[in-house]
Amino acid sequence: MSAAPPSIRPAATEPLAPARHRPSRLTARVSRAGAGFVMPFLIAFALVFVAPLAYSLYLSLFRNRLVGGTQFVGLSNYADVFVDPKFWDGALRVMLFLAVQVPIMLAIALVAALAIDSGRLHGHRFFRIGLFLPYAVPGVVAAMMWGFMYSDRVGLTGSLNDLAGFELLVPYTKQWLLVSIGNIVTWEFVGYNMLILYSALKTVPTETYEAAAIDGAGQFRIVRHIKIPAVRGALVIATVFSIIGSFQLFNEPQILKGLVPNLISTSYTPNIYAYTLSFQGNQVSYAATVAIVMGVITAVIAYIVQLRGMRRDS
Amino acid sequence: MTGYSYSRPRRSITLTVLLGFLLIYSVLPLTWMLFSITKDQPDLLTSFGLWFGDGFALFDNLGQVFTYDGGIFSRWFFNTLVYVVVGAGGATLLATAGGYGLAKYRFRGRNAVFAVVLGAIAVPGTALAVPTFLLFSQLGLTNTMWAIILPSLVSPFGLYLMWVFAAEAVPTELLEAARVDGASELRTFFTISLRLLVPGIVTVSLFAIVATWNNYFLPLIMLNDPDLFPLTLGLYTWLADATGVGASPVFHLVITGAFLTIVPIVVVFLVLQRYWQSGLSAGSVKQ
């Protein structure tokens with residue numbers, strides 16, 4: 001549906017066994033076998049994907065009251081979410097986050113991918129591995145490391161500020177906290193995105209570049225007219241994944257909350273809000289509604305980006 | 001542009017230095033960590049982050065990590081291994097069979113499966129976590145290992161990667177030939193196809209391993225019993241305990257524990273780098 005990456009089409013239309021001239025008994029047996037291969041996945045999928053979604057849709061139609069138990073309320077939870085300032089506080093924060101962090105991260109990833117692909121780096125293999133390494137680090141550990149490094153006493157900012165002679169970096173303040181989180185997320189995923197873009201660049205045949213060079217195209221023209229268009233599809237995928245990731249923002253602020261409890265509210269992101277509602281507020285129905293609304297907003301935005309990106313592609 | 005060749009371009013010092021800054025940024029936290037694991041708690045607070053402290057407490061720290069809190073760290077390590085082996089292993093198995101089935105067979109409902117699974121890639125994992133918790137608590141599955149393992153079994157992205165990979169790696173003629181010879185589909189899968197799928201399987205399992213090894217949100221909501229925690233959640237409890245009122249911080253243990261959490265996964269990545277690199281280009285971004 002929404003996240004169909006561009007590469008799907010050729011493979012999907014590829015001729016498949018069994019061909020039409022085969023005897024039908026064999027065809028039936030073969031196609032049963034095919035369904036059999038997919039079945040285990042589908043069963044698990046139904047249990048951990050479809051069932052929870054269906055169950056939370058069901059829950060979202062009820063309301064948990066301290067007195068009187070659970071009550072059917074139709075769509076009024078949804079109406080409440082849309083005018084809930086706490087929900088919008090978090091939702092707008094992640095949108096701001098994604099509007100700033102995703103372009104910066106992808107721009108860095110693109111520059112790095114182009115640089116490594118250009119073959120003009122000394123030790124480009126080393127760069128590729130070194131830049132990708134953070135992806136292997138668990139998000140929790142990444143948030144902890146940066147969390148420590150941000151702190152005045154354990155970390156580096158204290159030393160840096162001493163060196164500068166004034167408060168150069170203040171990661172743990174209301175104004176800078178989102179930037180501090182953005183830095184952690186960028187650190188974690190720049191290499192991953194770089195690798196996706198780099199892999200796309202690798203699919204361009206070398207002859208294309210040689211032909212362009214013979215025609216007198218310089219480095220920058222080749223980048224602009226051949227390389228960037230070549231990675232557009234991958235860039236759209238990376239953007240969609242990054243959008244989904246931003247909307248889910250949870251781990252990093254949640255870990256930092258362990259270090260600086262007062263700075264991060266219980267509705268800092270929609271996910272933290274849903275988590276707080278179900279585990280501290282005991283309002284599971286409302287939490288389910290928040291999760292659904294957020295999921296729909298995410299899917300819609302991801303879908304729009306996908307459509308726009310693909311249109312420019314053709 | 002005389003003498004310029006695309007296959008052997010000139011190396012550029014400027015570009016190397018420029019990207020060198022990015023590389024420093026990438027390895028900065030890891031470098032900080034390597035110095036920090038050699039410090040005890042007081043040293044951490046007083047010494048400069050990117051150099052050694054007064055003492056060398058690495059071995060002390062390692063020893064303490066495994067004995068602190070009744071030695072629960074080894075338990076967390078073991079749990080993580082269980083989640084990875086059963087969860088990621090199972091996810092790879094299901095994705096491999098499913099992707100192969102989708103790529104190489106035509107059956108009723110195939111396109112529907114396809115559309116649903118692709119849609120599922122766009123569903124935020126964490127948005128699913130709270131509903132899954134609500135359902136699992138109805139089923140009495142919360143606070144058991146199954147609460148972590150079952151959701152890990154499904155990787156729509158893995159299925160997608162495997163499907164794209166299988167479409168290319170297993171020639172349809174080969175399957176038809178086996179069919180003419182009278183081999184059953186299952187037998188063909190195990191004797192012929194599986195071997196051709198190995199690079200894809202390694203890639204999918206690698207991503208599944210990273211996802212389960214790094215899993216935090218799901219254990220956080222599903223588990224109460226520290227004996228079931230994976231490393232990520234266990235470390236967080238150490239960190240959170242350390243910042244509570246009247247608590248004595250054990251930052252040195254959190255950092256050393258975090259280091260021990262990273263090492264296995266980084267080693268796996270370095271050893272298998274040939275696979276994830278080729279797998280990425282074969283899968284998500286093939287043009």
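Residues 250-272 of chain B are 91% helix and 0% strand, and the end C-alpha atoms of this span lie 34 Å apart. Helices here are DSSP runs of H or I with at least four residues, strands are runs of E with at least two, and both are numbered from the N terminus. The model is predicted: local features need pLDDT of at least 70, side-chain atom pairs count only at pLDDT 80 or more, and totals for chains, interfaces and linings use all residues. Residues are numbered from 1 along each chain as its sequence is written, while chains are lettered from A and ligands numbered from 1 in the order in which they are written.

**Confidence**

- The average pLDDT of chain B is 86, and 89% of its residues score at least 70; pLDDT is the predictor's confidence in each residue, from 0 to 100.
- Over residues 283-287 of chain B, pLDDT stays under 50, and the model has 23 contacts beyond four places in sequence for them.
- Where pLDDT is low, the predicted coordinates should not be read in detail.
- For the complex, the predictor gives an ipTM of 0.86 and a pTM of 0.86.

**Overall build of chain B**

- Chain B contains 14 helices and zero strands.
- Of its 287 residues, 48% count as buried, a class that requires 20 or more other C-beta atoms within 10 Å of the residue's own, whereas exposed means 12 or fewer and partly exposed lies in between, with C-beta atoms placed from the backbone.
- Among the contacts in chain B with a separation of 6 or more, 72% join residues 24 or more positions apart; two residues are in contact if their C-beta atoms, placed from the backbone, lie within 7 Å.

**Annotated transmembrane regions**

- In an unreviewed entry, UniProt annotates "transmembrane region" at residues 12-35, 76-100, 112-134, 146-167, 188-213 and 250-272 of chain B; positions are given in the numbering used here, feature names are shortened, and annotations may be inferred rather than shown by experiment.
- Residues 146-167 of chain B are 86% helix and 0% strand, with end C-alpha atoms 33 Å apart.
- For chain A, the UniProt feature (unreviewed entry) is placed at residues 30-55, 94-114, 126-149, 176-198, 230-250 and 284-305.
- Residues 30-55 of chain A are 100% helix and 0% strand, and their end C-alpha atoms lie 35 Å apart.

**A helix pair in chain B**

- Helix α7 (residues 156-169) and helix α10 (residues 198-213) of chain B pack at an angle of about 170 degrees, with axes 10 Å apart.
- α7(B) and α10(B) are therefore roughly antiparallel to each other, a term for angles over 145 degrees.
- Among the residues that meet are B:Leu161 and B:Phe165 in α7(B), and B:Val204 and B:Phe207 in α10(B).
- This contact involves eight nonpolar, three polar and no charged residues; Ala, Val, Leu, Ile, Met, Phe, Trp, Tyr, Cys and Pro count as nonpolar, Asp, Glu, Lys and Arg as charged, and the others, Gly among them, as polar.

**Contact between the chains**

- In the complex, 90 residues of chain B are in contact with 98 residues of chain A.
- Helix α1 (residues 13-36) of chain B gives the most to the side of chain B that touches chain A, with 10 residues.
- That side of chain B has 63 nonpolar, 20 polar and seven charged residues.

**Positive phi values**

- B:Asp69, a residue other than glycine, has a positive phi near 60 degrees and lies in helix α3 (residues 58-104) of chain B.
- B:Asp69 counts as partly exposed because it has 17 C-beta neighbours inside 10 Å.
- B:Asn143, also not a glycine, has a positive phi of about 60 degrees and is found in the loop between α5 (125-139) and α6 (146-152) of chain B.

Terms used
Axes fitted to C-alpha atoms, helices over the stretch in contact; angles between N-to-C directions. Parallel < 35°, antiparallel > 145°, perpendicular 65-115°, else oblique.
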